[in-house]
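This briefing sets out selected features of one protein chain, grouped by topic. Please read it alongside the sequence and the model shown below.

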Amino acid sequence: DDGSDQGTAWREPGFDDARWSEGPAPIGYGDDDIATLVSFGGNSQAKHVTTYFRRNVVVDDPRRIAGLTLGLRRDDGAIVYLNGTEVFRSNMPPGPVNYLTLAPSTTGSADEARFFESDVNPALLQTGANILAVEVHQAARSSSDLVFDLELRATASAAPAPPHLAARWDEGMVRLSWLDGPVSWQLFSSAELGSGAVWRPVEVGSSVAGGVRFVALLPAEGPVFYRLGTP
């Protein structure tokens with residue numbers, strides 16, 4: 001929020017933002033509900049045009065996310081990036097922009113509290129750290145206020161059905177097998193069925209041949225039930 005030209009590196013995941021200020025949203029100045037104030041410079045008639053924001057979002061397993069919806073509150077215009085890729089442009093001109101690019105129009109009072117929404121491709125997510133980066137632009141250097149807030153909502157994907165689990169008796173061993181695929185299925189066992197059953201991971205190595213995963217187990221003294229699940 002110092003009026004400097006940040007170029008394009010600031011929106012990339014590897015950018016060092018350790019010296020940037022932090023604070024809860026809404027962020028800005030000039031409105032009553034601002035939680036964190038940012039600087040507009042020393043001249044109220046020549047405020048900084050662009051203010052930059054970054055937020056780290058941790059995703060344990062992107063495969064479990066089927067959809068993303070972005071909600072952006074901005075006054076006046078903004079561009080949103082996910083892991084360096086532009087995903088939403090709101091009230092900003094097309095094409096390349098820089099730290100002196102003005103938003104084409106001011107944000108009216110009816111839209112100052114509005115969250116503008118856009119779908120985001122979940123394939124842009126990475127396992128672990130993900131960077132949301134936003135540049136907010138004023139429509140005029142004499143603008144009286146700046147507001148930024150953002151939400152990212154995820155829709156969970158349906159849990160994949162486990163493959164068929166086959167069992168056979170072979171040379172004194174119980175051999176279980178199932179089709180191998182992109183999901184790393186875990187073998188679980190229980191001594192009983194029903195609501196009170198306790199399913200524990202089977203800690204034994206497996207092998208793959210011809211697209212089929214195999215596990216060989218010593219026979220148990222009593223009944224044992226097996227099923228596949230995710231770790």
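Two rings of Phe, Tyr or Trp (taken by its six-membered ring) are treated as a pair if their centres lie within 6.5 Å; planes under 30 degrees apart count as stacked, and planes over 60 degrees apart as edge-to-face. By this rule, the structure, which is a predicted model, contains 5 aromatic pairs.

**Aromatic pairs**

- W10 and Y81 form an edge-to-face pair, with 5.7 Å between the ring centres and 90° between the planes.
- This pair brings together distant parts of the chain: W10 belongs to the segment before strand 1 (27-29), whereas Y81 lies in strand 5 (residues 77-82), and 71 residues separate the two.
- Burial is assigned under 20% relative accessible area; W10 therefore counts as buried, because its value is 0%.
- Y81 is likewise classed as buried, because its relative accessibility is 4%.
- F53 has a relative accessible area of 9% and so is buried.
- The relative accessible area of F148 is 8%, so F148 is buried.
- Ring pairs also connect W10, Y52 and Y81 into a cluster.

**Charges over rings**

- K47 places its charged end over the ring of F40, at 4.9 Å from the ring centre.
- R74 lies over the face of F116, and the distance to the ring centre is 4.0 Å.

**Largest pocket**

- The volume of the largest pocket is about 940 Å³.
- Its lining comprises 33 residues, and those nearest the centre of the pocket are S21, E22, I27, F53 and R54.
- Strand 2 (36-37), strand 3, strand 8 (128-137) and strand 9 each contribute at least two residues to the lining of the largest pocket.
- Strand 3 gives the most to this lining, with 8 residues.
- By class, the lining of the largest pocket consists of 16 nonpolar, 9 polar and 8 charged residues.

**Second largest pocket**

- The second largest pocket has a volume of about 300 Å³.
- It is lined by 13 residues, of which D61, R63, R64, P160 and T230 are the closest to its centre.
- The lining of the second largest pocket divides into 7 nonpolar, 3 polar and 3 charged residues.

**Strand pairing**

- Strand 10 (residues 166-170) and strand 11 (residues 173-179) run antiparallel and are joined by 5 bridges.
- Within this pairing, D170 stands opposite M173 in strand 11.
- The hairpin of strand 10 and strand 11 has 2 residues between the strands, and E171 adopts a positive phi near 55° there.
- Strand 11 also pairs with strand 15 (residues 212-217) in the antiparallel sense, over 6 bridges.
- V174 stands opposite L217 in strand 15.

Conventions:
Residues are numbered from 1 along each chain as its sequence is written. This is a predicted model: local features need pLDDT of at least 70, side-chain atom pairs count only at pLDDT 80 or more; totals for chains, interfaces and linings use all residues. Side-chain values use heavy atoms; hydrogens and water are left out. Helices (H or I, at least four residues) and strands (E, at least two) are DSSP runs, numbered from the N terminus. Buried means under 20% relative accessible area, exposed over 50%, partly exposed in between (1.4 Å probe, protein chains only). A charge sits over a ring if NZ of Lys or CZ of Arg is within 6 Å of the ring centre and within 35 degrees of the ring normal. On a 1 Å grid over the protein atoms alone, a cavity is a set of points where a 1.4 Å probe fits but cannot get out, and a pocket is an open set with protein on both sides within 12 Å along at least five of seven lines; lining residues have an atom within 4 Å of a point. Grid points are joined across faces, edges and corners, and a volume is the space filled by probe spheres set on the points. Ala, Val, Leu, Ile, Met, Phe, Trp, Tyr, Cys and Pro count as nonpolar, Asp, Glu, Lys and Arg as charged, and the others, Gly among them, as polar. Two strands pair if DSSP finds at least two bridges between them.
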